[in-house]
Amino acid sequence: MKQDSTEEIDKITDEEKRRAKRRAMIRRKRKRQTYLARFLVFMIAILTLGGIFVAARHVVRVRTGDMTVLQTPVDTTIREILIPKKRVYICPEVIPALIRPNEYSRPGEELVQIKNIFVHYTANPGTSALQNRDYFDGLSESHITSASAHFIIGTEGEILQCLPMDEIAYAVKGRNYDSVSIECCYIDENGEFTEATRQSLVELCAYLIGKYDLTEYDLMRHYDEGGKLCPKYYVEHADEWKRLVNDVGAYISHNGTTSQPEEMTDSQIIETDAKTEEPMAETEETPAEPED
Ligand SMILES: [Zn+2]
């Protein structure tokens, strides 16, 4: 009888030991889970703070107008959310020099929308803006090729407008119906623009960006659409192209305003040419999307 009860006690003790072991295990497991949860919360907090810090840095850079670093589209998005968009309402001086309607350089087809501004070089060192304008115009007689651009900027910085803004140019294969093209003259064989040409280009692009609700990231080299070596210098010196884009952004942030000034001289840019509003004679053959 005594032995029986001893066995009974031993059994209970074993049972309790097992229970105690199980409880200890559960406690350890819970502890581990708590530590893991705390660690996760800590990591999330670190990542969130890091994200806020990075975003804040972008905003500060945008607000202070620090344009030393090319802004990313993320910067642009943050800027658009936080700061009303600045536009340059002052148009640089533009000389009207429309070319004659003809199927080789001015087909009179509607430019439906403007998504990008393409920058070109004339591939003809030392020629003037007027000479290049006359070349485009003369294609109506010479029929050498199909080519044109909306604007030509000369080496003195003069800007000639060859086409109204509602007509396509023959400038970038595949993009003629949704972009504007600017040709730039140059002197040096390496294709670098003169300071005057570059400055007029910056001012014209800044104005067009505001007018057509674009950003400086919508500026493109002809090269960016099809790989043509145009504009030569800015294809061979990608860093100089970035600097140019950056300068346009800086020009907008320094000279742009968030609302149109009350007193403003009319833009000299020709939107539409009244003369072409009368129906043009249908041409039987339309050149197949030439470039320049
Ligand atoms: Zn080109």
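**Entry 1: ground rules**

I call a residue buried if 20 or more other C-beta atoms lie within 10 Å of its own, exposed if 12 or fewer, and partly exposed in between, with C-beta atoms placed from the backbone. By that rule, I looked up H143, which is exposed, with 12 other C-beta atoms within 10 Å.

I note that this is a predicted model, where local features need pLDDT of at least 70, side-chain atom pairs count only at pLDDT 80 or more, and totals for chains, interfaces and linings use all residues. Residues are numbered from 1 along each chain as its sequence is written.

**Entry 2: confidence**

I checked pLDDT, the predictor's confidence in each residue, from 0 to 100. The chain has a mean pLDDT of 87, and 84% of its residues reach 70 or more. Over residues 64-69 the value is below 50, and this stretch has six contacts beyond near neighbours in sequence.

My helices (H or I, at least four residues) and strands (E, at least two) are DSSP runs, numbered from the N terminus. Two strands pair if DSSP finds at least two bridges between them.

In which order do the six strands of the open sheet stand? I read β1-β4-β3-β5-β2-β6, with mixed pairing. β1 (95-96) and β6 stand at the edges with a single partner strand each, so one side of each is left without a neighbour in the sheet.

Next I followed β2 (residues 116-121), where five of the six residues are buried. Six bridges join β2 to β5 (residues 179-184), and the two run parallel; here Y121 stands opposite C184. On β6 (residues 219-221), β2 has three bridges, again in parallel, and F118 has M220 as its bridge partner. β3 and β5 are also parallel and share three bridges, with F151 paired to I182 of β5.

**Entry 3: helix α4**

α4 packs on the sheet, touching β2, β3, β4, β5 and β6, and its direction makes about 170 degrees with that of β5. For that angle, axes are lines fitted to C-alpha atoms, for helices over the stretch in contact, and angles run from 0 to 180 degrees between N-to-C directions.

I then looked at α4 (residues 195-211) by itself: its 17 residues reach 24 Å from first C-alpha to last, close to the 24 Å expected at 1.5 Å a residue. The expected span is 1.5 Å times one less than the number of residues.

Why do I call α4 largely enclosed by the rest of the structure? Because 12 of its 17 residues are buried, among them T197, L204, Y207 and G210. Their cover includes α6 (238-255) as well as β2, β3 (151-153), β4 (159-161), β5 and β6.

D213 is exposed, with 10 other C-beta atoms within 10 Å.

Back to H143: its phi is near 55 degrees too, and H143 lies in the loop between α3 (129-142) and β3.

Where is the cis peptide bond that I noted? It joins C230 and P231, with omega about -10 degrees. P231 sits in the loop between β6 and α5 (232-236).

Technical notes
Contact = placed C-beta atoms within 7 Å.
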